[in-house]
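Please consult the sequence and the model alongside the points below.

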Amino acid sequence: MPKNTTNIHKSAIIEEGAKIAPNVVIGPFCFIGKNVELKSGCRVESNVILKGKLSVDEDVKIFSFAVIGCEDSKITIGTKTHIREFTQIGTQKSEDEKNKKITIGANNFIMGYVQILFGVELGDFCIVTNAVRLYENVKCEEKVIIGGLSTIEANNRIGTGVMIGGASVVTTDIPPFMLVEGNKATIKGLNIIGLRRRLENKEDIEEIKAIYKKVLGSGADKILAQEIAETNANEYIIKLASFVASSNL
């Protein structure tokens with residue numbers, strides 16, 4: 001039990017062994033397991049269940065009725081991430097019983113009713129909107145936006161800067177900077193607005209457009225993508241081309 005309990009509601013259950021920083025706030029009817037660590041500035045609202053080996057970094061906010069972890073899970077959540085109501089992270093049974101790890105980066109916004117299964121890796125500054133489901137071993141790079149009610153099927157990678165439209169079903173890897181939607185989801189073009197917000201150099205955007213047409217214009221040309229990745233000096237082009245070359249497209 002923490003030494004300072006002034007910010008912990010009297011109805012909360014905290015198992016012996018849990019590590020809770022002095023200024024953490026824990027609301028009513030929460031359960032905090034023995035292998036949970038809540039670092040400075042965290043706020044846990046009412047009726048939250050935290051189990052397994054769980055490390056929650058500074059200034060994370062977990063809203064009411066969220067459930068994170070199970071008895072043998074290993075989950076880390078990065079600083080300043082917000083997890084909204086009724087989200088479930090690492091609570092479902094996994095087909096791969098050996099991989100119980102989930103890594104969630106910093107500054108993410110995970111909205112209500114999201115389900116994240118084992119093996120998922122979520123980069124920094126991602127937005128996962130309502131009722132999204134991320135199946136086993138999905139890897140999302142940084143600054144990904146996933147529209148509500150979408151599903152990312154198991155073992156797929158989502159590149160940096162991707163925007164996925166609502167109610168989409170993603171069954172393949174999605175290269176960086178793409179705009180996709182549909183059931184099943186297909187690439188509709190580049191996420192131009194996202195690129196304009198991210199890149200100050202307009203020449204970088206124009207070069208990305210040109211490479212996109214070459215390697216993805218009429219299906220994924222993995223051989224050409226590999227050649228471009230090995231010869232082009234632009235970091236964004238390397239990121240896009242190398243991803244395509246190693247993708248399951």
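In this predicted model, helix α3 (residues 222-231) and helix α4 (residues 235-245) have axes that come within 8 Å and cross at roughly 145°. The crossing of α3 past α4 is left-handed.

**Contact of α3 with α4**

- On the α3 side, the contact involves Lys222, Ala225, Gln226, Ile228 and Ala229.
- These residues meet Ile237, Ile238, Ala241, Ser242, Val244 and Ala245 of α4.
- By class, the contact of α3 with α4 comprises eight nonpolar, two polar and one charged residues.

**Largest pocket**

- The volume of the largest pocket is about 330 Å³.
- Its lining consists of 15 residues, and those nearest the pocket centre are Lys143, Ile145, Asn191, Gly194 and Arg197.
- Helix α1 (residues 192-198) gives the most to this lining, with five residues.
- Nine nonpolar, three polar and three charged residues make up the lining of the largest pocket.

**Second largest pocket**

- The second largest pocket holds about 180 Å³ of space.
- Among the residues that line the second largest pocket are Thr171, Thr172, Ile174, Lys184, Tyr212 and Leu249.
- Both β27 (185-190) and α2 (202-216) supply at least two residues of this lining, and β27 gives the most, with three.
- The lining of the second largest pocket divides into seven nonpolar, four polar and one charged residues.

Key. Residues are numbered from 1 along each chain as its sequence is written. This is a predicted model: local features need pLDDT of at least 70, side-chain atom pairs count only at pLDDT 80 or more; totals for chains, interfaces and linings use all residues. Side-chain values use heavy atoms; hydrogens and water are left out. Axes are lines fitted to C-alpha atoms, for helices over the stretch in contact, and angles run from 0 to 180 degrees between N-to-C directions. Helices (H or I, at least four residues) and strands (E, at least two) are DSSP runs, numbered from the N terminus. A crossing is left-handed if the near helix is turned anticlockwise from the far one by less than a right angle, and right-handed if clockwise. Contact means heavy atoms within 4.5 Å. Ala, Val, Leu, Ile, Met, Phe, Trp, Tyr, Cys and Pro count as nonpolar, Asp, Glu, Lys and Arg as charged, and the others, Gly among them, as polar. On a 1 Å grid over the protein atoms alone, a cavity is a set of points where a 1.4 Å probe fits but cannot get out, and a pocket is an open set with protein on both sides within 12 Å along at least five of seven lines; lining residues have an atom within 4 Å of a point. Grid points are joined across faces, edges and corners, and a volume is the space filled by probe spheres set on the points.
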